Structure formats: C-alpha cells, structure tokens
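Here's a quick briefing for anyone opening this structure for the first time. Have a look at it, then read on.

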Amino acid sequence: MSSIQKFFMRILPRAWAEDMQAQSQRWILRCTCGHERSIWEAGGIRWKARGNPRRWITCPPVRQKNLALAPLQGMTPPPASPFAFNPDQPIHTLGHFLGTPLAVQGWSWLPLSEIITWAFFILRSAQKRPRWHWHQHLLLGGARMAVSLGAEWCHNLAHVTAAHLVGKPVDALRILFGMPVLLYDEPEHPSITPRQHLIRSLGGPACNAVLLLVSKVFQHLTPPASPAREVADTAAGMNTFIAAAGLIPISAFDGGPILKWSLVGRGHSPAQAGQIVARASQLVGAGLLGSAAVALHKRRWPLAGIIAFLGMITLTAPKMEHDACRRKQVFART
Ligand SMILES: [Zn+2]
C-alpha cells in the first residue's frame, strides 16, 4: 500500500475505506506495451470517479527497459448489462441443468419471444395458404417457431454443457422473455485456461452445425413446397444464421472469445489478443456494411437489413479488453 492509500484507509470510516479500495481496484491502467494493473496496485486511488482519462504513470516492464513514463490509459468497467439480474429484486430458481441454476426474476421471463414469433409465422402461413383451416396455421406456425427459437435454446444449452464438461460451469441460465441468457460471474477468471475458454465458446456453434446437418437431411426427405419442407427450411436458415453470426469477432458473440483465446493459446498476452480482436471486429463490421450495401443494390431488403444490423452491432460493440475488468454478471449472449 502506498503512503497516500494508508493515510486514507486510516482516516476514513471502514465501509468507506473498503469501498474506496474496491473501486480503485476496478480501474485498470493499460500501458501501450500491453501490461495491465489496477490503479490500486499502482499505489493510486480513484473513488466515485467517472470518465476515461489518460494518466501518465510509470509502467514497471517499460521502466526496466529504461524508458521513462509510459502513457497509460484509465479504463471504465463495462456498463452493467441490461440482461443481468437486478440485484435489488428476488431471483427465483426453477431448476438446474447440469448443475447450472435456471433462474427468473419478476415477470421478465414471460415468453414474449415465442408469442411474437408464433404470430409472425401464423400470418405468413395464412398469406401463403388462404384455404387452410385456422388450426393448420396454428400448427405450422408453432412448428416453425419451435425450430427457430429451439435453435437458440439448444445453442445456449450446448454452451452450458461444454462449460460443465471443462469444469468451468456457467453461473446461471436466466430466462428473459422466453429466451435463455448465460450469466457468468467472472467470464475471464484467471483460473480458466485458453483451452477451457475455447471449448466453452465452441459448444454453441458446434451444436448449430449439427442441427444444420439434421435439417439438411430433412430438407432432402420432405417433398418440395410441403409444410414439412417449410419447417426444415426454417430450421436450416436459423441454424445457419446463428452459427454464422456467432463467428463475428466481438465479445458478445462467440467469435470474439474464440479468436481471443486461440491467440492467447499461441502465446499472445490477453491484452494483445484483445487488441487484435478489436481490429478484426472493425474489419468484419466494415465488410458487413459493404455486403449490406450490395444486398440493398440488389433490392434484397430483409437480407440487407439483417446484415446492416449485424454490421452496426459489430462496429459499436465494446472492445474485448473490457472483459479483463473484474465485474459481476457480465453478459455473454451467445
Ligand atoms: Zn454462443
């Protein structure tokens, strides 16, 4: 502890002093050389502060090379995820999947995603087959809803399974508007090896690849233009979409951790790997916007909309390095 830290720890009430220490430990100083440490570790204090200022502090590895003051950048912890539980309200555990609690809070679990998707497919069915009876529309709409949202459910349960198998389980599976959200207390806990990170992240996309193969088989087995073929097409489309979107290199999707931890496995530091992922996501984001423009030019409006949306998410996503911040309930989609 530095003398200034000791001084404030002595004069402040204990609860304040502990809060001051905890907050200072959350601010990470990152040198251009990639070395990271908290303000507290560096002997400083940053309490009840906002913003993202740059500070000039000596960086130990750089000083060894006899370079004076290296520029270090203060980093704000990522904002609390909108998908995380509200800590002030009760959380209800419905059951467990491979030891991971399946939890809900308030009315936020209501299956709105299922209702909206079902209604959408019922409308499509009614437009396409005006002579059908209403219960046939309900049935076909329900089947297409089940295979499309089921692809996302299976993806997340596969992540939970992979995390369980490597011994670094997901901390909670939250049901939000009828869909699963994976919550990790510390997604980047130092005890997790690059290999464990990779297996955890690859579980989801691998599951969609298998489901895609199964739906391809069903596409071949069903007669063209039949309702069964329509269900198989929906399943194939959705699994392709989730697997492909999952490869986008940002932290909220699987592609970010997959790229980052394969780089770390090959000898890069987590900070360097984070920077490479950030650069890759800028490239991919620009490429997606370019593809959206091409789709727009060819008047393929829905496709252009989806690609442009993914491109915007990719370009505006928080950088991977933020994962290094010790923060509870960091959201991982995916
Ligand atoms: Zn995923």
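**A hairpin to start with**

In the hairpin formed by β5 and β6, two residues sit between the strands, and Leu98 there takes a positive phi near 50 degrees. Keep in mind that this is a predicted model, where local features need pLDDT of at least 70, side-chain atom pairs count only at pLDDT 80 or more, and totals for chains, interfaces and linings use all residues. Residues are numbered from 1 along each chain as its sequence is written. Strands here are DSSP runs of E, at least two residues long, and helices are runs of H or I, at least four residues long, numbered from the N terminus.

**The strands**

- Strand β5 (residues 92-97) and strand β6 (residues 100-104) run antiparallel, joined by five bridges; two strands pair if DSSP finds at least two bridges between them.
- His96 has Pro101 of β6 as its bridge partner.
- β5 lies largely in the open, because zero of its six residues are buried (buried takes 20 or more other C-beta atoms within 10 Å of a residue's own, exposed 12 or fewer, and partly exposed is in between, with C-beta atoms placed from the backbone).
- β6 also goes with strand β7 (residues 172-176): these two run parallel, with two bridges.
- Leu102 stands opposite Leu173 in β7, and Leu173 in turn stands opposite Leu182 in β8.
- β7 and strand β8 (residues 179-184) are antiparallel and share five bridges.
- The β7 and β8 hairpin has two residues between its strands, and Phe177 takes a positive phi near 50 degrees there.

**Phe83 in its loop**

- You'll find Phe83 in the loop between β4 (70-75) and β5.
- Is Phe83 buried or partly exposed? Phe83 is partly exposed, since 18 other C-beta atoms lie within 10 Å.
- Phe83 and Leu182 are 99 residues apart along the chain, yet their C-alpha atoms are separated by 9.1 Å.

**The helix pair**

- Helix α6 (residues 194-221) packs against helix α7 (residues 227-245) at an angle of about 155 degrees, with the axes 8 Å apart; the axes are lines fitted to C-alpha atoms over the stretch in contact, and angles run from 0 to 180 degrees between N-to-C directions.
- That angle makes α6 roughly antiparallel to α7 (the label is for angles over 145 degrees).
- The contact includes Leu211 and Phe218 from α6, and Ala235 and Ile242 from α7; residues are in contact if their C-beta atoms, placed from the backbone, lie within 7 Å.

Notes. Parallel < 35°, antiparallel > 145°, perpendicular 65-115°, else oblique. Contact = placed C-beta atoms within 7 Å.
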